Amino acid sequence: KRDGIVTNTDIAAHILHFFDIDKVTPMSGHKLQYVQNSDPLGYLLDLNDISVFNYRTRAAVVKTFIGCIIGVLLLSVVSMVYLKRLAIYIQPLLTAILITPTLFLLLPLFNPWSITRLSVSIIITAILSSAVLTYIAKDKLNLFTISCLLSAGIIVLDTFLKNPLMKVSIFGYDPIAGARFYGIGNEFMGYLIGTTIIGTTALVDKYKGHETTTKLISTIIYGIVLFTLASPALGTNVGGAMASFISFCTAIILLFRGKITLRELAILAILLVIFLLGLFIYDGLQPSESQSHIGQTSALVKQNRAGALLQIFGRKLSMNYKLIRYSNWTLVLLATIGSLGIIFRWPMGILKEIFRENKHLYFGFMSGIVGTLSAFAFNDSGVVAAAMAMIPITIPLIMLCIDKMAGPNKAIETEE
């Protein structure tokens, strides 16, 4: 799946192929393939240097980013409650946090393969990007539309180009740890779902006189993102495909009907099962060398029937439980949920007024929460995907609350 990377599971599969021995059971490994390269040693040395750098620095970078998220959220909430006049000055920091995952994806363009260069690059690009977006956007709906849809577009484009940036991003693959080798990882998957939902619904609210057009554009965007996450040729992210299917369908129903019923939710569940079966059948029919892991899972199910599925579900639950207990991403998820809980209750009436003025953004918020819960439930590292999805869902609401508090028509003050 990736030039220059061989896993231990590939060795057994290649030995069988070398001696022309048929596989008696499905194997996750593949035979080795040889490709032409003008400078194979140089390519492998570069791949090794980047992989080792990401492996060694990933934990520290992730912890620092998580600390920044929690710090900015805490500062925002405290300033909104106790230091209202200063709250407006927190917004550039919120914008920087909102776009930082995208900057981590783009950072390999600057060859930041030292901790100093990486730190300086991300700080400078975050400051400049926040300033440029704030200047260009003029208002918050424009800011959310541009930043979120641009972020989603970059992730999708990178995936269609076979992930040249995600392969080497500090938030992307980690071949040494065995986190992922192709397709979209759970960090960017959660962020992609959140930015797509918020970006499209902000677009509809921004251009209220062209709702039919913007809703159709949003539906097309949902289809493109769903295809990107689900396509075996692009490295299917099964949990991401399920989460995006549910959240995007919820968003479409809310955008066009303004409400969703239990009957429609039941239909969505049935359609999700049909969608998954289609994926399993299609990828399972491909040659083993070109299958994604969903096709390999299909082969395991054929061999071991229900036992294979139970084993997979058990592994996913075990991994999720472990990450909830020990991963720092749990802190991000709790911080975003806590921040939303506070702004829902204080200042009294602000969010209600914001959602009344931007009803489609409210639909986006609800669909985003559905997508977050789905990403949490359907992935073995669901807490990571859910935390990343909550970033573009939480930050815009906080920014709108700060704007409303600072504006001439203040929302109702908290009752004494």
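Author: S218 is buried, with a relative accessible area of 0%. Buried means under 20% relative accessible area, exposed over 50%, and partly exposed in between, with a 1.4 Å probe and protein chains only.

Reader: Which helix is S218 in, and what is it in contact with?

Author: S218 sits in helix α8, residues 211-230. Leaving aside neighbours within four places in sequence, S218 is in contact with T200, V204 and L255. Contact means heavy atoms within 4.5 Å. Helices (H or I, at least four residues) and strands (E, at least two) are DSSP runs, numbered from the N terminus.

Reader: Where do these coordinates come from?

Author: This is a predicted model, in which local features need pLDDT of at least 70, side-chain atom pairs count only at pLDDT 80 or more, and totals for chains, interfaces and linings use all residues. Residues are numbered from 1 along each chain as its sequence is written, and side-chain values use heavy atoms, with hydrogens and water left out.

Reader: What is the mean pLDDT?

Author: The mean is 87, and 88% of the residues reach 70 or more. pLDDT is the predictor's confidence in each residue, from 0 to 100.

Reader: Where does pLDDT stay under 50?

Author: Over residues 409-416. The model has 15 contacts beyond four places in sequence for that stretch. Where pLDDT is low, the predicted coordinates should not be read in detail.

Reader: Back to the whole protein. How many helices and strands?

Author: There are 16 helices and zero strands. Of the 416 residues, 50% count as buried. Among contacts with a separation of 6 or more, 74% are between residues 24 or more positions apart.

Reader: What about H360, buried or exposed?

Author: H360 is buried, at a relative accessible area of 1%. H360 belongs to helix α15, residues 359-378.

Reader: Pockets next. What volume does the second largest pocket have?

Author: About 420 Å³. The search uses a 1 Å grid over the protein atoms alone: a cavity is a set of points where a 1.4 Å probe fits but cannot get out, and a pocket is an open set with protein on both sides within 12 Å along at least five of seven lines. Lining residues have an atom within 4 Å of a point. Grid points are joined across faces, edges and corners, and the volume is the space filled by probe spheres set on the points.

Reader: Which lining residues are closest to its centre?

Author: T64, F65, C68, I122 and I123, out of 18 lining residues. The elements that give two or more residues to the lining are α2 (40-82), α4 (91-106) and α5 (115-137). The largest share, seven residues, comes from α5.

Reader: And the lining by class?

Author: The lining has 15 nonpolar, three polar and no charged residues. Here Ala, Val, Leu, Ile, Met, Phe, Trp, Tyr, Cys and Pro count as nonpolar, Asp, Glu, Lys and Arg as charged, and the others, Gly among them, as polar.

Reader: Which residues does I154 touch?

Author: T102, L105 and L106, not counting residues up to four places away in sequence. I154 is in helix α6 and counts as buried at 19% relative accessibility. I154 and L105 are 49 residues apart in sequence and 8.6 Å apart in space, C-alpha to C-alpha.

Reader: Last one. How far apart are the end C-alpha atoms of α13?

Author: They are 25 Å apart. At 1.5 Å a residue, the 17 residues of α13 (residues 329-345) should span 24 Å, which agrees. That expected span is 1.5 Å times one less than the number of residues. Buried residues in α13 include W329, L333, T336 and L340.
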